[in-house]
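This report describes the architecture and selected local features of one protein chain. Please keep the sequence and the model in view while reading.

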Amino acid sequence: MKRMLVFLFLFFNSLDAQAQEPSDLETSARAVIQKRCLPCHNEQLKTADLIFATREAAVKGGKSGPALVPNRPDESLMMRKILDGKMPPGDPLPSQEREIVRKWVEAGAPWADASSKSGVTPQPRAGLDWWSLQPLRNDPEPDPKGLPREWSASPIDRFIYAKLQEKGLQPNSPADRRTYIRRATFDLLGLPPSPEEVKAFVEDKSPNAYEKLIDRLLASPHYGERWGRHWLDVIRFGESTGYEQNHLRDRAWPFRDYMIRSFNEDKPFTQMVLEQLAGDQIAPNSPDVEVATGFLVAGTHDNVSTKILEEKLVQRAADLDDMVLATGNAFLGLTVQCARCHDHKYDPIPQADYYRMQSVFAGVQHGERELATLKEKERHKAQEKPILEELEQIKQRMAALKTQAQPRVEQRRDAITKHYRPAIDAKGNEETFPAVSARFVRMTILATMKNKEPALDELEVWRDRPNPVNVALASHGTRATVQSSKHATGMESSLYKQEFVNDGKFDAIWISGQAGTGEVTLQFPKIEVISRITWSRDRLNVTGEDLDRVPTQYVFETSLDGTRWEKVTDSEDRLPYAEEDREEFFLLAAFSTEEQGEWQSLKQRRTQLQKDLDALPKLPVAYIGSFAEPKGPTYLLKRGKVLDRGDVISTANLSALQKTLPGFQLDANAPEGKRRMALAQWIIDNRNPLTARVLANRIWHYHFGKGLVGTPSDFGFNGERPTHPELLDWLAHRLQSLGWRLKPLHKELMLSATYRQSSADNPSLHSVDGDSRYLWRFPPKRLEAEAVRDTVLAVSGKLNRQLGGPGFRLYKYAVDNVAAYDYRESFDEQTYRRAVYQQSARSVRDDLLGLFDCPDSALPEPKRVVTTTALQALSLLNNPFMLDQARFFAERVARESGKDGISTEVERAFQLALNRSPKKPELAAALDLIKKHGLIVFCRVLLNANEFIYVM
């Protein structure tokens with residue numbers, strides 16, 4: 001082990017690309033407060049009587065008490081609100097900002113000038129003259145003095161070199177070919193090159209060797225997987241609902257495949273925007289296009305049902321806010337969502353503009369939609385038609401029989417009712433019978449509504465003399481047993497235990513494990529004389545209308561010995577439980593014999609036809625949203641409160657760009673599809689400077705690790721200013737001239753001298769530009785979580801390169817009203833697919849992917865957080881997945897090295913993992929390590945090298 005640690009030391013060298021902690025926690029935290037808290041909690045607005053202008057005011061708090069408890073983040077109300085996503089409303093803090101604030105509170109919430117009332121200095125805001133809102137510039141390409149020949153061919157290089165000169169910096173020399181192919185392959189594919197590919201490129205002496213390499217990589221289907229994953233980050237794509245229930249969306253994957261396919265086809269980005277916002281409008285009945293509207297519903301959705309109007313409106317407002325946020329952030333780089341409750345505090349976005357955009361999506365609903373061609377739909381309708389027509393005829397005849405008999409029903413209803421007990425009531429039922437001695441009582445449930453598993457919240461048996469006593473209580477020694485209990489899918493133990501049947505409480509229920517039936521037996525500690533039983537499904541009346549688990553047919557029996565049973569009561573003398581069944585019961589009583597026969601015959605035929613209908617092949621569906629005309633107008637909500645309506649708002653463009661390109665304005669009752677089309681056309685108008693700037697910056701960001709604008713989804717006042725504004729606009733123009741196709745721009749960027757630079761450090765230049773924002777060297781980057789996992793699989797030889805289709809799960813999934821997730825302990829070939837295909841449930845992180853900052857997709861993640869923690873190293877070393885892959889890697893190395901000796905194995909392992917040969921000290925250490933601990937340990941060490949997970 002000592003030698004293993006020595007070998008590890010050779011690889012665990014520090015890299016400049018590693019994330020650094022903020023040097024000034026106070027400054028960082030107060031910047032977050034300035035940006036995210038103060039717009040509402042200032043001395044003018046005083047929202048909830050809470051002010052964050054000074055430390056004292058924050059500690060004092062507002063209506064809900066102290067907001068800040070220094071040194072105690074768990075007790076600080078502000079932290080609780082931040083962590084549960086309630087603050088800021090509609091725009092929760094990203095994980096990095098949450099952690100900054102938490103550490104700041106934990107450190108005692110240091111606040112300079114704490115005694116001053118000017119703890120935070122108000123800042124100005126952007127106006128219509130803000131840089132990102134102006135038309136694209138057409139600045140002449142620079143012609144810097146002393147420009148090296150290799151930097152003169154590309155305008156990109158001239159812009160970069162001119163800025164380097166301005167800052168007193170010099171570019172690095174070019175990277176060697178081995179480094180370049182590794183960098184380019186990871187950039188475009190998210191996978192390492194094979195040793196054979198590296199060798200071929202290094203030995204290719206043709207003048208267009210670099211160009212051929214980039215063309216080959218761009219033609220790979222893995223390109224779409226890599227760059228599609230980037231876009232899924234930007235648009236908050238997840239495959240579960242989020243919120244409390246967080247159920248999986250098993251049919252969300254077709255949208256993911258659409259994005260991968262679109263990138264591989266090099267579809268113009270403007271076309272992708274049109275399809276994502278209005279694919280159903282531009283190509284109805286075209287599944288390959290309609291699937292794109294999954295963008296609209298890719299976010300979270302609260303699917304907990306409620307009968308309270310305000311709660312329903314809040315849920316709907318949250319859905320619409322998510323769509324506004326995603327659209328504004330992804331395509332325009334604007335935080336439109338910040339104008340939900342008031343005018344934007346920093347950008348020229350009035351509150352009315354927020355609701356103008358919200359009205360665009362007023363007809364969009366979460367859910368699945370058929371995804372089929374017109375021919376497929378017509379064929380399906382043709383199969384349904386004769387069945388539906390006969391069902392309609394049956395419906396009409398049964399309605400006629402009902403109308404014909406209705407006068408007789410009303411005449412006889414009271415007389416019939418007198419012969420029956422009331423219908424079952426979920427809140428409580430009483431069964432009475434002549435007193436009987438019993439040691440056991442058994443309830444056999446024979447039926448429920450819709451054949452759901454029956455449930456009880458309490459079963460009570462009464463000894464009424466001399467005083468009423470519930471002898472069924474467990475506290476009296478009575479033992480309850482059941483035939484079975486329901487288990488949530490994937491769970492080993494039941495949440496609906498038999499003990500709940502007689503615990504004297506009504507807040508927990510037993511549910512049978514059998515559909516429609518169940519059995520409960522009570523055993524008293526001694527023989528009791530009983531004459532009454534009470535039972536309920538929903539004694540507290542909290543279930544509402546969802547009462548399909550109420551037993552509707554049952555039998556109660558008693559026994560002295562648990563062997564011989566006698567019936568004491570049943571449900572035969574009760575009116576039917578469901579209103580529809582009660583009405584049919586009265587009808588049959590009023591029908592003549594002939595009418596009864598015809599009614600029953602019609603019912604049987606209807607049942608058979610419904611079975612025939614259900615047996616027809618279903619059209620494919622996907623979670624891509626559904627559309628319907630809005631039920632009413634869109635209102636401006638004062639302070640964002642759903643019940644405080646202001647003016648009616650109609651669909652229109654954002655006024656922030658009114659001086660830059662023509663706008664649009666629709667009637668308040670405009671068709672919902674027309675609204676989405678109008679917004680999409682406005683976004684992709686070449687005169688819209690934001691769309692091209694934002695996209696060009698995103699492409700730069702993913703190639704160089706940070707965009708020319710460091711905040712890819714915020715081009716407003718609170719975002720960063722561009723380091724190279726002229727270059728950004730040149731790239732935006734270039735994107736437009738290339739027909740909005742990304743692949744040609746990738747090629748130009750990656751063939752530039754800027755991109756081809758070495759990443760080697762230079763202490764004198766590093767002291768001026770430590771983050772390499774001005775590109776004096778290629779900035780080293782750590783692989784994203786998915787690329788780390790994919791690379792491990794590629795190197796071990798276990799990567800399953802299957803493209804598209806339903807995803808796989810890296811967790812165990814159980815659902816019973818709310819979803820439960822647990823770590824998966826074993827893996828198979830399906831889980832060895834690329835990580836882009838894993839079914840990404842919100843707030844659920846695989847223990848490897850999560851540690852390497854894979855986002856949970858609850859919110860857009862336009863810029864991955866990069867942390868460096870001890871747990872990452874421990875996981876790479878000890879995670880069961882990594883241990884398996886180290887073994888597979890060793891088996892591959894041994895297999896491919898033949899019998900040429902250990903040195904050949906070391907060479908092959910280095911080439912596979914690091915795309916290079918070992919240096920002499922590394923070879924010597926490796927040979928010694930293998931002799932002492934074996935090939936598997938050596939391969940495990942390589943997978944733990946910094947060089948393995950960094951792109952240089």
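## Basis of the description

The model is predicted: local features require pLDDT of at least 70 and side-chain atom pairs pLDDT 80 or more, while totals for chains, interfaces and linings use all residues. Residues are numbered from 1 along each chain as its sequence is written, and side-chain values use heavy atoms, with hydrogens and water left out.

## The chain as a whole

The chain has 30 helices and 19 strands. Both are DSSP runs numbered from the N terminus, helices being H or I with at least four residues and strands E with at least two. Along its principal axes, the C-alpha trace spans about 110 × 75 × 70 Å.

Of the 952 residues, 54% count as buried; buried means under 20% relative accessible area, exposed over 50% and partly exposed in between, with a 1.4 Å probe and protein chains only. Among contacts (heavy atoms within 4.5 Å) with a separation of 6 or more, 73% are accounted for by residues 24 or more positions apart.

## Two helix pairs

Two packed helices are described by the angle between their axes and the distance between the axes. The axes are lines fitted to C-alpha atoms, for helices over the stretch in contact, and angles run from 0 to 180 degrees between N-to-C directions. Angles under 35 degrees count as roughly parallel, over 145 as roughly antiparallel, 65 to 115 as roughly perpendicular and the rest as oblique.

Helix α14 (residues 309–332) packs against helix α20 (residues 689–704) at an angle of about 75°, with their axes 7 Å apart. The two helices are therefore roughly perpendicular. From α14, Asn-329, Ala-330, Phe-331 and Leu-332 take part, meeting Leu-690, Thr-691, Val-694 and Arg-698 of α20. The residues of this contact comprise 5 nonpolar, 2 polar and 1 charged. Here Ala, Val, Leu, Ile, Met, Phe, Trp, Tyr, Cys and Pro count as nonpolar, Asp, Glu, Lys and Arg as charged, and the others, Gly among them, as polar.

Helices α25 (residues 870–878) and α26 (residues 880–897) pack at about 45°, their axes 5 Å apart, and are therefore oblique to each other. Ser-875, Leu-876, Leu-877 and Asn-878 of α25 make the contact with Pro-880, Met-882 and Leu-883 of α26. These residues divide into 5 nonpolar, 2 polar and no charged.

## Helix α28 and its two sides

Helix α28 (residues 920–933) contains 14 residues, and its first and last C-alpha atoms lie 20 Å apart, close to the 20 Å expected at 1.5 Å a residue. The expected span is 1.5 Å times one less than the number of residues. Its buried residues are Glu-922, Ala-926, Leu-929 and Ile-930. They cover an arc of only 95° around the axis, so they lie on the same side of α28; the arc is that of the directions from the helix axis to the C-beta atoms. On the other side, Lys-920, Pro-921, Lys-931 and Lys-932 are exposed.

## Backbone geometry

Most residues other than glycine have a negative phi, and most peptide bonds are trans. Asn-915, in the loop between α27 (902–914) and α28, has a positive phi of about 60° although it is not a glycine. Asn-915 counts as buried because its relative accessibility is 1%. Just after α28, Gly-934 also takes a positive phi, of about 100°.

Asn-71, in the loop between α3 (55–60) and α4 (77–83), is a residue other than glycine with a positive phi near 75°. The peptide bond from Arg-465 to Pro-466 is cis, with omega near 0°; Pro-466 lies in the loop between β5 (458–463) and β6 (469–470).

## Surroundings of individual residues

Tyr-346 is found in the loop between α14 and α15 (351–360) and is buried, with a relative accessible area of 7%. Leaving aside neighbours within four places in sequence, Tyr-346 contacts Gln-34, Lys-35, Pro-39, Pro-124, Arg-125, Ala-126, Phe-717 and Asn-718. The C-alpha atoms of Tyr-346 and Ala-423 are 62 Å apart, with the residues 77 apart in sequence.

Thr-552, in strand β10 (residues 551–559), counts as buried at 17% relative accessibility. Its contacts, again leaving aside neighbours within four places, include Ile-424, Ala-447 and Tyr-577. Glu-784 lies in the loop between β16 (781–782) and α24 (785–796). Not counting residues up to four places away, Glu-784 touches Arg-226, His-230 and Arg-864.
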